[in-house]
Every structure is written in C-alpha cells, then in structure tokens.
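Subject: Two-chain model for you to look over

Dear colleague,

I am passing on the model we spoke about, and below it you will find my notes. Please read them with the coordinates open.

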Amino acid sequence: MLLLTCPHCGVSGDETEFAPGGEAHLKRFGPGSSDGEFETYLFYRRNPKGVHFERWRHAFGCGKWFHAARCTVTMEVFGTYPADVTEPPAELVETIRAKRPEWEGF
Amino acid sequence: MAHRLPSGGLVIDRSKPVEFTFNGQKLKGFEGDTLASALLANDQVLLGRSFKYHRPRGLIASGAEEPNALMGVGEGPRFEPNQRATGVELHQGLTARTQNHWPSLGFDVGALNSWIASRAPVFSAGFYYKTFMFPRVAWKHVFEPVIRRAAGLGKPPKEADADEYEHFHVHCDVLVVGGGIAGLSAARAAAANGARVLICEQTPHWGGRALVETETQIGGMSGADWVRGEVTALSGMENVTMRTRCMTSGLYDHGYALLYERVADHVPGAEGTPRHRLWRVRAGRIVVATGALERPIPFANNDVPGVMLASAVRDYVRLWGVAPGEKAVVFTTNDDAYRTALALHEAGVAVAAVLDARAEVKGELPARARAAGIEVRAGYGVAKVKGGKRVKGVEIGRLTGMGQVGGRREELACDLVAMSGGWSPVVHLWSHCGGKLTWDAEAAMFRPDPERGPTGHDGAVNTLACGAANGYLHTDLCLSDGRVAGMSAASATGHSRGEMPEAPEVQAIPQAHPRPLWFMPARGKYAHGTKHFLDYQNDVTAADVQLAAREGYESVEHAKRYTTLGMATDQGKTSNINGLAILADQIGAEIPQVGTTTFRPPYTPISFGAITGRARGPLFKAVRKTPMHDRHAANGADFEPVGDWERPYCFRRMTPEGRESRAQAVTREILNARQKVGLLDASTLGKIVVKGPDAGKFLDLVYTNMMSTLKPGRCRYGLMCNENGFLFDDGVVVRTGEDEFLCHTTSGGADRVHAHMEEWLQTEWWDFQVYTQQVTDQWAQVAVAGPNARKVLEKLGGVDVSDAALPFMSYVEGTLGGLPARIFRISFSGELSYEVAVPANLGLALWEKLAEAGEEFGAMPYGTEALHVMRAEKGFIMIGDETDGTVTPQDLALGWAVSKKKADFIGKRAQERAFLAAKGRKQLVGLATEDPAEVLPDGAHAVKEVKAKSRMITIGHVTSSYFSPTLGRSIAMALIEGGSERMGEVLSFPVAKDKVVKATVVDPVFYDKEGERQNV
C-alpha cells in the first residue's frame, strides 16, 4: 500500500486513493507515423528494475493526473510532479542521481 | 494423566468456573482459561487427527504457533472452523468440536493412511503429483473427490454470519507490535518522547513470557508486577493507544499495517460491539517486538499426544495451573528448558530426566535442576517416542558427535515429553515487506539485519526489531533493546525530547549457547525420518524434505512447494527452520546459503468477516437510483443493475389472471410503444459537458466523427474509440452553445468516458482551453417514444415540438408543462421520440406530468428490456453486446461515422494497421432463424461445419438475440467472419449435443429500414 503525494492538491494518500496509469513520458505517435513507431508507442514498455517514471491519477481526490518517480525494487518514491511536462524536473533528476548513482538517467 | 493443579495459574480466576462443551461432552474450566488449557485440565490430550495420515494429535504449543489443535468453535451462525484451541478464550457455554476424523476422534478409519504409508511410499513428497497422473479423466471423477473427502481441515459454516465487523483507519507515529517487555519498553520510550503510539498484543495479556519466567526479577519485583506497572503508566498517557487481543497480521509498503482485533470472540453476541475489527494503520515507524518461538526437535514419533514444546509445558503450569502430565521427560539443546523441569518439579510433577543434547552441561539453570534432585543426562537424546494416542515412554540413547544414537538404548516411562530445539525470533513481520535476515551461527537463529530492514516511501528503514524478535533472548537485553528502538522510532518521526526512561535492574539467570540439533538422530537406525514430523499441520516429515532434495528440489522455495512444508495455516511457525536445516544438510550446504522461504501475511489467519467489515448486503456496493425510482417501484418495476444504477427491467402489471410475467410485460411494453407511446426513465444516461474555446477541436479528437461542424441546437450520434482503434462508447452529442457541448454516454460508461477525456486533456493536450464536467446526476431524463409522443408533449404545452420547429436530431430549451426543460429529438427505438431532461429535483414531477398527459394517448412506462428489443429490431448496436473491446466501428458497419477528413482522432492510426484493415474480420450481421419461434441463445457460436466427433471451427458468435413482438419472430445480431459478404448464407449454430439451429444471414435492420417512423 504505497503512500503517494499529489503534487496538485498536496494530499498524501493511500495507493487506493489513486489510479495507476502506466509508464510516463510516452511520446504519442499518431497518423503518419511508421508501423514501428506506432507499435513502440502503443505496446512497448520499459519495465525497469529500479528507477521508474509512472503516471497516476488522484482518482478519489482532486482528479488530477501526475507523475511519480519510483524505485520498483524498494518502492521508494523519489518525487511526484504534474503530468503536463515531457520530461521530469531537473531537480528531481538530480535527487535520483544522488540516491542511485548507478542509474542510467532519464 | 493431565490435570488441574491444586493451586497456581496466574491468568485464571478459580472463583469463576466456566462450563463448556467438547464433542458433546460437558466440561468445566475457569475464567482466564484458553480452550486448550481447559481441555488439558480435563485430561483431554487427544485433540485431533492429522491432515494426511490421520495420526492422533494433541497440543504442541500454548500460543499462536499451535499446529494441531484446530477445532470448530461455536454453533449455527457463529460457527467458525479451524480455530486454534490455544487462541480461543474459554467462556460460558462455548462449544467446540474436533475435525478431520471419521467416524470418531478416538477411532478414525482414515488412520489406515498412516499404516499404509509405513509400508509403501504413499503420501510422501510429491505423492499426488506422481501417482494421480493418468488417465486424465480419473482426476476429476475419482482421485479428487476421494482425496478431498480424506484430506482437509474443518467444514465451512452453513449459516450466514450473525455478527458485525468493522474497519478502523488509523495514523500513528509509532506502531509497536507485541506487548512483552521489549514492546512495553519501546512504547514507553517512544511515548515519553511525545510520539503518538499504538501498541498491540495478540493475547489477552500484557507481558509475554515475563509472566511465566518467575525466576527473573525486573526492578526488584516479579516480571508480572513490573508489567502491571508499565501498563498502568502507559494507559495513563494520552498519546498512547493500547489493544490486547489484537494481532498484527501483516506489514505492507510504506509503513502500512493490518491489525486484527478480536473484540468479542470471548463474549459472543455482545451488544453494540463488532466481533472482529480490522485496523488499517499507517505508521511512521514500526517496532517489531514479536518475541521468539521455540522449535520442536524432529525425533521419531514426535507427534504423539503428550509431546510438547518445553515452553508450552511451562506456560500451562504457571499461567493456567495445569499439569500436562504426571511424569515428564525433558529433551533439550539449551539451558532454557531447565526452567520447564524446575516448573514441573515445583508443581509436583515428576521429572524422569532432563536429556541434554550437549555433551557438557554447566550453567546455573542445570545446576538448579540438579540441586532439586532432577536427573540430568548430558549428551543424551530421545530416539523415539512410544505410544499411540498418548505418550507411554521414550527410547533414549547417547548422542555421538555426528548426531547418531550410540551405545545402549534405554526406555524411560513417561506421559509427557517437553522438547526444546532452541528459539527462533519471530521475524515474519520484519520479512513481510522486504526486511532481510542474517544467520547467527552461535545462537543458531536467523535474526533481523537492521541495516537491511523494510523501507518507507522516502527510502529510509522504517521498521525496527527489538527484544527476542531481534535475537536478544535475555531479559536485560530485551528491555534495553526495546528502549532504544522506542527512542529511535520516536526521534525518526520528529519526537525527541531526550527522555530515556530509567533502566530497571534485572536479576536473571545467564544461559549458555544451545547445540543446534535439527534432526534426531541425524544418522543411524531411526534416521529414515518418516515419523519425524516437521510440519505437523501438513504432515510433512524429515524424510519428505530429504526425498525432495534427492529428487532435485534443492531450492528452498521448490522444496517447500513440493513437500508443502510451511504451507499450512500456521505458516510453518514451528517447522520452517528445522526443515531448511535438514534440506541444507541433505544438499551439503550451509543454512544461510539455503535461506528461508518468503514470509507472507497473515501471521495467523484472520476472519473473512474482518476483511469484509461493513461491506455486506446493501452496504456492499453503493446503488444509484434515479429521482423516479420509488415511483417505478410502486408501479410494479422489476429492477436490474446497469453499471451502478438500478433500472426498471420491466413494469409488471396486475391482470385478472394475476401479475404479468416478465415476458408478458416486455411484450406489452414494446407493442404499446410501437403503437401508441411509451415512457422510459433515461436519467441514467451519462452526460458530460465539454466547454471552452477548444471544445470542438477536442471532441474532434475524442470522437471518430467530426463534431466541430455541428451547428448549435443540433445533435449527432458519435463513436468513441481507444488508442487501439476499438470502439468503447457511443452516444448523442448535442451542441448546446457556440463553445459548449453536451456528450451523452452509455449508462455504465459515464465515469469511464469522463476519465478518458480528462486523461487526454491533462496528459496529452494540456494546452487546450477546455473544461469537462460530468452532470449525469444533475439531470433527470425521460424518453417519450411512439407515434403519440408529440401529442403528449403538445398537451403539456409551452414548447413547439412540431417537426418544423424541432426536426429529428435537434434540440431546444423551454418550459414544458411549467417545468424548465431541454428537449432532444433523438430516438433509440426508431419511433418518433423526444428525450426530455429537467433538473434532477424535478424528475419525479416531469414523470408524473408525462404519465398524466399521456393517459388519453395510451402512454405506458417501459423498461430496459423493451428498450433493448426495440433497438435490436432497428439494428442499433449496444456497447457491451455488439462490442467487447476488440471490435472497430468498421466491423459494425459504422464506417459512416468515422471521419475520413480529420487529420487525427484517438484510434485513427490504429485503424490503419494491417490487422484492423484486413479482410475476413468478424462483421455485424442480422440473423433470421429458420424456425421463427426459435430464439438463438446469446453467445451461440456459428461453425464452419457441423461435426459429430472432432472439434468444430467457429466463425463467429451471436451478440444479441430476442423474440421480437413487433415482427412476431426471433431476431438476432452476430459478429461473423466476413459477414457482409455472406448475405443470404445459412449458418449452423450447434447449441446443444444433438441440436443445431440454422439461421440465414440478413440485414441487421429488421424493422423500418428507411427510418420513416422517427422522421414524422
């Protein structure tokens, strides 16, 4: 039962208050994209052992989507941030680097 | 013979006798007894039959680790099977029954299993896997029923549970698990520093083993007195919550814990209190002070009733004043069990000998035993127990360095064997959430590795073990370890006043290290191990583990599953360490290399009632009702669930012949709507407002159709696909203003569609200026459908609903019959139809006005089934019937609603994929059965060719099937491979063993193909 903090309303809540939305920062490929690009966008996911960026929605709260950077091994949550960005904030990347020197980076 | 001692028993009240029933026999105990202690006091040593071999079994333990004494407790609606007698508090009128035997506990036919097993390799590890292989069919009809009858634990209760259960949601700074001296010290230290502390203890008593070990003095008083003082001090602190009878069943991610409080098990049926309570706790820090469990020693016949853990024997004597036998033999690998010998001696029970596996026995406890005149035999062990339903004696011998029994074997007569293989810290909770263990070879135990404990959301270790759970078995270390853990936990949650409660002085007897003894004897005559029980509850022996290792199951996780070691309801509390040590020996590895199996919650089983809490009956799930619901109920409605809604399926009228059947009602409702006019409560229809300068642009992306070109005041039927290109919702979109749209969704799909829109708006097109709002509940809506529909609305008056003013697929706002209304000229029945929406609080008024105005025009309400049949007659699809998540609009011949002009919409790219554009996909068709009276079963499969013997190849399936009263024949829709090219083809549907229904492929629009009825 993860403990997550919604960056929009500031509430820390049980996992059951949120709805998971899979891997974050996927680039959408629409009409005009190649079959390979579209397949990758639609079906291929990283599933890393370690640092992972994922989407969550504060479904039983403010209703807003956000992203969480989390370690899939220890469940440590490095931070959460709003979903209207294409990459994680620089400070968060620094925080993760400090905690996981072996991390390949975003 | 076991009996109640004339005096003693710290937790029983001899002035309060209690009567109870065991297997129909009336027995007496005292308040404070457990069912186990009371049975033992009545010399009831045989308490059950084992799982596989049906061997006679008695008590091994006195607490949570008891594997054998499982009983059915209570009666009728309060009956619960598989209750550990050691955990059941005795109360007046308690009834208990033994399990897993036939015809009786004393004479059990199933015990033949044991006799057979002694002569043939049956029931050994993997026996089922190896034996019941062929023929396949025999598994279902022969093997499984027989095994199910012979094996298994208690029977489930037959009646509904009479009790109530509830959940608590709690936050605290520090959760302390375990109310022994370490836990109490931790709680005291954490609380003194200002932390909010929750401390829970699984038994009804605080103090743990301190109550029993009377040789030990804490702060100049007995352990029990010191505990009383601590409990008094803690209960006076407002930042401390204390609960007994409260077992922490599991630790989960980020400091989440589940606690199981047995509030009223000891006072069944108590008013105003739940039976069990599940605590859902989020703690800043968790202190695990769960103590340690004593290990049995695997020697031959170590399961005969009368063989018990040494600590349990001591517990029965000192806590409940019960002597478990008349003459005891103590078999130990350590000093601690000498306390049992001394306790028995004090209580007047003869101790034939203490057999100590260690060659050299020094130390004060052995010295005290010798001084009391008890014979101590160093380097000796029990080779075998004599007796069947009760211990009659033991065969003993000298242990060699290799663990063999050497020299002359003797026999000692006794009726009680107290064994102690040393202590294992209770590391279950520590391990539940990833805490790692380290092997302490000197103390022969796995103990928590504090550097690698479970971590919280911030990555810091959030769990601290202390006391015996941390591997400290001595009183003074337990106390100081607890204090330090409490201080650290408080400090980590921001509470450090620098308060360190004073350390009490401890007078305890020092103890020497144990000699690890995992299998007795490890080699030699008795070492075949088929009667050396490790896991009593699952009947797993040392030989099973050895066999598993020989057959290649060398990983501890594999050996566990192959033998079922540790997989019973006791989760291997007494068996795991012995089992993995034997496995290690067999494969020539060290114990830490073999490692432990995964510990999983719950620590001890918790009730389904506690998990369920209040979520039963009407509270199981919220039901949504429309504003007209009660009126429908009064009008004879039969309801059906639609999403979370309850909608009238049909309205069954009274006739001179009695109340209509459902089928009669549905037929009447359809014909009435087709011939006159029907009223449908359509309030459940999903409604989402999409508003903003970019609303049209956004809807162009969400729907497959073009929505931005819709004129204000007009309606358009729209389809929604997911990014995979599959249809997932449909509904009519209304442009209610220049930058405002009202999107209708399916009744069950409103939440899903709204979430879908928000997801795309927030995570992909966050620069769009659009707001969405779900307004399903804000509006009540009634469909007025049928040739007389216009007359009904005109009678109410106030809005021009003529075809000229309000043509098909248009919308108007006005005051209808005095009510502010939105009127949509849309039709799901194919008839002239208006959907009238009013604010929800006026829904009932609208319904009543429509019913009254409609009376002279023959208006009758209709339900969802009539709705379904009428839409099927028109060939309209229903999300969830014609779609199943793998169907595209093109498959349903709805390609006309998929824009070719738009550059993009959700699902467009996917629909260009080869797979979705391929020929031969299943396509929607209508079906006309050869016999018009024959209604195809929903879901029936069409086959390429009907075959009697071999497997048939299906080419599609029926998605909707009804009898159409309008057409007087059956109709069906189906998804059939290449369906659009099969017009006129006759398909075969094998629906039963000897029955094939034939149906012709036809146009799915069965009625009014030109749509003339709705365009009037």
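In which loop of chain B is B:Pro602 found? B:Pro602 belongs to the loop between α15 (591-594) and α16 (608-612) of chain B, where helices (H or I, at least four residues) and strands (E, at least two) are DSSP runs, numbered from the N terminus. The peptide bond that joins B:Pro601 to B:Pro602 is cis, with omega at about 0°.

Some conventions come before the rest. This is a predicted model, in which local features need pLDDT of at least 70 and side-chain atom pairs count only at pLDDT 80 or more, whereas totals for chains, interfaces and linings use all residues. Residues are numbered from 1 along each chain as its sequence is written, chains are lettered from A and ligands numbered from 1 in the order in which they are written, and side-chain values use heavy atoms, with hydrogens and water left out.

Chain A

Chain A contains two helices and six strands, and its elements follow the order β-β-β-α-β-β-β-α from the N terminus on. Its C-alpha atoms fill a box of roughly 40 × 35 × 25 Å along the principal axes. Of its 106 residues, 44% count as buried, a term that stands for under 20% relative accessible area, with exposed being over 50% and partly exposed in between (1.4 Å probe, protein chains only). Among contacts (heavy atoms within 4.5 Å) between residues of chain A at least 6 apart in sequence, 45% join residues at least 24 apart. The accessible surface of chain A, from the Shrake-Rupley method with a 1.4 Å probe, comes to about 5500 Å², and carbon and sulfur atoms account for 52% of it.

In helix α1 (residues 35-43) of chain A, the residues A:Phe38, A:Tyr41 and A:Leu42 are buried. These three lie on the same side of α1(A), because they cover an arc of only 90° around the axis, the arc being that of the directions from the helix axis to the C-beta atoms. An α-helix has 3.6 residues a turn, so residues three or four places apart point the same way.

Chain B

Chain B has 25 helices and 54 strands, and its C-alpha atoms fill a box of roughly 115 × 75 × 60 Å along the principal axes. Of its 1016 residues, 59% count as buried, and 66% of its contacts with a separation of 6 or more are between residues 24 or more positions apart. Chain B exposes about 40700 Å², of which carbon and sulfur atoms supply 53%.

An automatic or database domain assignment sets the domain bounds, and it divides chain B into domain 1 (3-102 + 296-420), domain 2 (165-292 + 424-500), domain 3 (514-594), domain 4 (629-684 + 778-871), domain 5 (686-776) and domain 6 (919-1002). Between the C-alpha centres of domain 3 and domain 5 of chain B there are 63 Å.

Individual residues of chain B

B:Arg295 sits in the loop between β17 (292-294) and β18 (307-309) of chain B, and it is buried, with a relative accessible area of 3%. Leaving aside neighbours within four places in sequence, B:Arg295 is in contact with residues including B:Leu309, B:Trp423, B:Ser424, B:Trp518 and B:Ile577. B:Ser424 lies in strand β27 (residues 423-425) of chain B and counts as buried at 11% relative accessibility. Not counting residues up to four places away in sequence, B:Ser424 touches B:Ala292, B:Leu293, B:Arg295 and B:Ile577.

B:Asp539, in the loop between β32 (533-535) and β33 (540-541) of chain B, has a positive phi of about 55° although it is not a glycine, and at 0% relative accessibility B:Asp539 counts as buried. B:Asp1008, in the segment after β54 (995-1002) of chain B, likewise is not a glycine and has a positive phi, here about 50°; with 14% relative accessibility, B:Asp1008 counts as buried.
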